[in-house]
Amino acid sequence: MAKRVGIEVSLAIAEAAKLANTDVVAAYPITPQTHIVEHLAKLVADGELDAAYIPVESEHSAMSACLGASATGARTFTATAGQGLELMHEVLYVASSMQLPIVMAVANRALSSPLSVWGDHSDVMAVRDTGWIQIFVENGQEAVDNVLCAFRIGEDPKVLLPVMVHLDGFYLSHVIEPVLFPEQSLVDKFIPPYKYPMPLHPDKPVTMGAFGPPIIYTETKKAQEVNLRASKEVILQCWAEFGKTFKRHYSPIESYRTEGAKVLLLTMGSFSETAMTAIDRMREKGKEVGLVRIRLWRPFPFEEFRQAVSNAETIVVVDRALSFGGPVGPVCSEVRSALYDEKQKPKVVSFVAGLGGRDITPAGFEEIVNRGIEISQKGSENEFEIFGVRG
Amino acid sequence: MEKYAVYVPKLVTKKENFAPGHRACIGCGEALAVRLACKALGQNVIVANATGCMEIVSSQLPFTSWRVPWIHTLFENTAAVASGVESALKMLMKKGRIAQQDIAVVAMAGDGGTSDIGLQALSGAMERGHNFLYLCFDNEAYMNTGIQRSSATPFGASTTTSPAGKMSMGQFTWKKNMPAIAAAHNIPYVATACPSYPFDLLAKVEKGAKTPGPAYVHILSVCPTGWRCATDLSIKIGRLAVETGIFPLYEIENGRYKLSLDPPKLRPVTDYMKLQGRFRHLSEDLIAKIQKRVSAEYAEIKEKAVADKE
Ligand SMILES: Cc1ncc(C[n+]2csc(CCOP(=O)(O)OP(=O)(O)O)c2C)c(N)n1
Ligand code: SF4
Ligand SMILES: [Mg+2]
């Protein structure tokens, strides 16, 4: 029987990696990811998870050890955040380009300087183009479910790509929530044993990571791009299958109270739950507003997104990262670009908020939406606004 | 070494797991060292290779010189990749997903990939005690990118980033002692080797691969392109490095030093240096300074070896 327990989300993620029968974990501690890897180390120490735990000396080595383990045919898991994700940066590209289906939980964190251990999406945006599948989760249950899905999706022979599961640092990683853990036997069926097609082994020598001269490099990159885009089908199938087996349903774009809404608020990550409260309040006041959340960040679900916002006149996007000197918030940039060729284009208004762990309350979201409507009608001198900033 | 000298033709395999046809320069001591190492390692091996000359000359898509499983990912992370491979093998064998057998996990990198940018990853992997062999192919500079200095470049050598000039005598720092750094991790086996002494190299690589736990072999690899020497002098210059005491051949087994070769009398360093354009600019004073340091360092190692013998 599946059992429901109250558990810190970080620990729940480690338990999910255990349910998935992870073979190798290589990790380096960083707030707010620490509880995930501490719990994994403990599960291994207590004999509850039969895995090698490699306590590496840096995140660069964490991801590098994951490359080696995954290429040898081991199911491989790690977790990081903020500075750690940045230190991994060049290694992340190798994981996706060499088609190594590593799963990584990222407890999203702001970037130095000034040093901040608190959450935002600066780390995520810096690794946007690394070629990983990237999924955002909003609560503990979604985190557990999507870590399981991540293994199944990444290891699918049609995909073979690494997957990041993003959760907000502290706001999600450190809260205690009720989580339903699926039964081991069902998980075992849901995630077939890992069989990497060409593992490093003397029985069948392979050369992995040869260098690409100009005559071939572009083709390798095109193949990678086609593959990442095509993975959406497998992701959708996986979520559909998950829904059938475990009765919880996921989709690339999630809509909340969007019926008849001319104005849509758009968010990504666990702030979405607060945003829902704001939408409820505004609906009570008779405003026709709804909420759209991006769950699948890469590959970006263009079709589903356009469908979800097809009736909107105004979209108010809340970003949790800055693109210094650039256009608007990074999510907003993508949204605008996705809609540029549409016949009926909504106005897209950009806000940046919630940097470095600053909270956004339901009242805050209400204010953002109202200001967004105002900007969409009257225009603004600024490309975007930073909500609630002093000075 | 003793064993090989007698039975060489019978004992050394003719099989080339580092296949000919690669793109190394003529007279490349590093390619020769890799070739010999592959003979010693045999078939049951997985190689993790750092970015550098050897990776570039051997792996241009869609070709490969590797007849053993081989992975290259980045420049500085090779020891970490190897530690992942090793941990995975152990776990997969434990779980019965692959057959139980001895597979040597071997990391290969240049001096730059080892003593500079990859030192942290190497230190971590040695400290964690992975069962792997690390081979450093030391050609005393970043050759792949065009002969820039590394911390393994010898004092006085002119490179493209430590050029000799009116205000510069070339590299002004002394070569970092990587074998001592490896040994300071208390790993069971550390050795130096040079392809000019092929049987010694074969024996050490084999021993390193068979050692349970981390092993480190530092291999001096003459690079005619970067050292500005004639391409037919690679072997000779390697020998001179040993005969002058500039690059002594030794092992450090469980902390105990043992000289593999102890010439009755060391040749003067000029015998070695005068064949190489990278030292051409050096004054007699500087050469005397180098001679003094080489003699002292050799005496130190010899002292350790004598003490450890007792
Ligand atoms: C992070 C990073 N920095 C720099 C480089 C450029 N680079 C590639 S190989 C190399 C030098 C390699 O030197 P070494 O390790 O001594 O090997 P060699 O080519 O001499 O055999 C450098 C600097 C790189 N590939 N990655
Ligand atoms: S540059 Fe030196 S090390 Fe590199 S291939 Fe040429 S000779 Fe060998
Ligand atoms: Mg070098």
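A residue counts as buried when its relative accessible area is under 20%. In this predicted model, V318(A) has a relative accessible area of 8% and is therefore buried. V318(A) sits in strand β14 of chain A, which covers residues 314–319. The C-alpha atoms of V318(A) and K195(A) lie 40 Å apart in space. In sequence, 123 residues separate V318(A) from K195(A).

Helix packing was examined next in chain A. Helix α7 of chain A spans residues 140–155, and helix α9 of chain A spans residues 214–246. The axes of these two helices are 10 Å apart. The packing angle between α7(A) and α9(A) is about 130 degrees. Angles over 145 degrees count as roughly antiparallel, and 65 to 115 degrees as roughly perpendicular. The pair α7(A) and α9(A) is therefore classed as oblique. The crossing of α7(A) past α9(A) is right-handed.

Helix α7(A) also meets helix α1 of chain A, which runs over residues 9–19. Here the axes come within 9 Å, and the crossing angle is roughly 25 degrees. An angle under 35 degrees counts as roughly parallel. The helices α1(A) and α7(A) are therefore roughly parallel. Their crossing, too, is right-handed.

Several backbone features stand out in the loops of chain A. The peptide bond from S112(A) to S113(A) is cis. Its omega is near -5 degrees. S113(A) belongs to the loop between β5 (103–108) and α6 (122–126) of chain A. A cis peptide bond also links R298(A) to P299(A), with omega about -5 degrees. P299(A) falls in the loop between β13 (296–298) and α11 (302–308) of chain A.

Positive phi angles were found at two residues that are not glycines, K247(A) and E140(B). For K247(A), phi is about 65 degrees. K247(A) lies between α9 and β10 (253–256) of chain A, in a loop. For E140(B), phi is likewise about 65 degrees. The loop that holds E140(B) runs between β4 (133–138) and β5 (164–165) of chain B. E140(B), by contrast, has a relative accessible area of 4% and is buried.

In chain B, helix α2 covers residues 29–41 and has 13 residues. From its first C-alpha to its last, α2(B) reaches 18 Å. This is close to the 18 Å expected at 1.5 Å a residue. Of the 13 residues of α2(B), 11 are buried, so the helix is largely enclosed by the rest of the structure. Among the buried residues are G29(B), E30(B), A31(B) and A33(B). V34(B), L36(B), A37(B) and C38(B) are buried as well. K39(B), A40(B) and L41(B) complete the buried set. After α2(B) comes G42(B), whose phi is positive, near 70 degrees.

Methods. Residues numbered from 1 in each chain as written. Chains lettered and ligands numbered in written order. Predicted model: local features only at pLDDT ≥ 70, side-chain atom pairs only at ≥ 80, totals over all residues. Heavy atoms only, no water. Helix = DSSP H or I, 4+ residues; strand = E, 2+ residues; numbered from the N terminus. Expected span 1.5 Å × (residues − 1). Buried < 20%, exposed > 50% of the residue type's maximum accessible area, 1.4 Å probe, protein only. Axes fitted to C-alpha atoms, helices over the stretch in contact; angles between N-to-C directions. Left-handed = near helix turned anticlockwise from the far one by under 90°.
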